[in-house]
Amino acid sequence: MIEKHLITSRSQWLDLRKRDVTASTIGALYGVHPYLTALKLYMQHSGVEFSDADNPVLRRGRLMEPAAALAVGEQRPDWLLEKSQFYFRDPDCRLGATPDYFIHGDERGLGVLQLKTAAPSVFEREWQDGKTPLWIELQVTTEAALTGAAFAVVAALKVDAYDLSCVIREVELLPVVQQRIRDAVKQFWNDVEAGREPDPDYGKDAELLALIAPHEVPGKSIDLGGDNELLGLLDQREAIMAQLSRFDDRKQEIETQIKYLMRDADRIVGLPGWSITWKSYHRDQYTVPAKDIRTLRIHHKDQANG
């Protein structure tokens with residue numbers, strides 16, 4: 001039984017979503033979401049509070065959504081687009097979705113439409129040559145599953161002052177994929193209940209460490225003597241640090257050479273594509289509030305003792 005909740009306000013809609021894994025976050029369970037990791041999703045549903053504050057990307061999407069719908073309507077005048085006013089959820093696996101629009105007038109029956117806006121560089125990188133981001137395909141597939149739609153469409157509007165291109169793509173609805181999404185969500189909730197954290201994405205989850213372990217336990221140590229992977233990582237880090245040091249030395253040499261060439265000039269002109277200035281700036285005195293910061297320091301023992 002799919003529940004259907006009328007959306008009366010943004011705050012009410014956000015409260016509804018807190019109970020579920022939503023279509024827009026499904027990609028995190030597969031490691032393909034650009035903004036959300038599986039670990040952060042796990043923490044969101046394990047009692048850790050994250051801000052629901054708006055941001056420029058969300059605001060752009062919200063303000064430009066009617067324009068994207070208009071662009072779709074111009075390309076597909078045979079479709080009647082209806083703005084969705086409901087939040088749909090499957091209480092059995094705690095999965096929810098809010099489609100952007102429903103599509104009427106197609107001989108196949110009801111369709112769902114997911115709208116996205118993209119900066120020109122993102123549009124060219126992720127939406128050209130028939131490409132559609134996988135996390136968005138998973139999103140609209142979930143929306144179709146919860147609404148009983150017969151077909152699913154995604155559209156992306158390029159946000160450019162001189163070119164509002166719009167691509168429209170249909171996503172093949174495969175029952176096996178929809179079932180795998182439900183199975184993945186059920187497993188996620190089982191892991192939350194059992195306290196099984198997903199593996200972190202070390203490139204994206206650095207900010208979460210401050211929430212997971214904000215303070216050390218004085219005197220506590222951890223024995224990782226048998227962790228050969230860590231030894232390899234430390235060797236790799238040491239090699240990277242040596243390269244960075246050489247690059248930094250060369251960078252300083254180049255900047256010093258530039259300063260010698262400039263002498264008392266405050267700018268360089270005549271170099272196409274480059275803007276180079278060397279000016280004095282006054283910085284007012286200020287006081288930074290005291291706070292404790294955990295600092296990771298890594299030194300090779302042989303080097304430290306030498």
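These legends go with a handful of close-ups of salt bridges and nonpolar cores in a predicted model.

Local features need pLDDT of at least 70 and side-chain atom pairs count only at pLDDT 80 or more, while totals for chains, interfaces and linings use all residues. Residues are numbered from 1 along each chain as its sequence is written, and side-chain values use heavy atoms, with hydrogens and water left out.

**View 1. Arg-76 pairs up with Asp-78 in a salt bridge.** A salt bridge here is a side-chain nitrogen of Lys or Arg within 4 Å of a carboxyl oxygen of Asp or Glu, and the count by this rule comes to 16. In this one, the closest N and O atoms are 2.8 Å apart. Buried means under 20% relative accessible area, exposed over 50%, and partly exposed in between (1.4 Å probe, protein chains only). Arg-76 is partly exposed at 26%, and Asp-78 is partly exposed at 44%.

**View 2. Lys-186 reaches Asp-92 from a distant part of the chain.** The closest N and O atoms of this salt bridge are 3.4 Å apart. Lys-186 sits in helix 7 (residues 175-194), and Asp-92 in the loop between strand 4 (86-90) and strand 5 (95-97), 94 residues apart. Helices (H or I, at least four residues) and strands (E, at least two) are DSSP runs, numbered from the N terminus. Lys-186 is partly exposed at 35%, whereas Asp-92 is exposed at 59%.

**View 3. Glu-124 and Lys-158 meet in a salt bridge.** N to O, the gap is 3.2 Å. Glu-124 belongs to helix 5 (residues 120-126) and Lys-158 to strand 8 (residues 151-158), so the pair ties together parts 34 residues apart in sequence. Glu-124 is partly exposed at 41%, but Lys-158 is buried at 7%.

**View 4. The largest nonpolar core has 37 residues.** Such a core is a set of buried Ala, Val, Leu, Ile, Met, Phe, Trp, Tyr and Cys residues joined through side-chain atoms within 4.5 Å. Val-21, Ile-26, Leu-95, Val-112, Trp-127 and Phe-188 have the most contacts inside it. Elements giving two or more residues include helix 3 (38-44), strand 7 (111-118) and strand 9 (166-171), but helix 6 supplies the largest share, 6 residues.

**View 5. Trp-127 and its neighbours.** Leaving aside residues up to four places away in sequence, Trp-127 is in contact (heavy atoms within 4.5 Å) with residues including Val-122, Pro-133, Ile-136, Val-154 and Arg-169.
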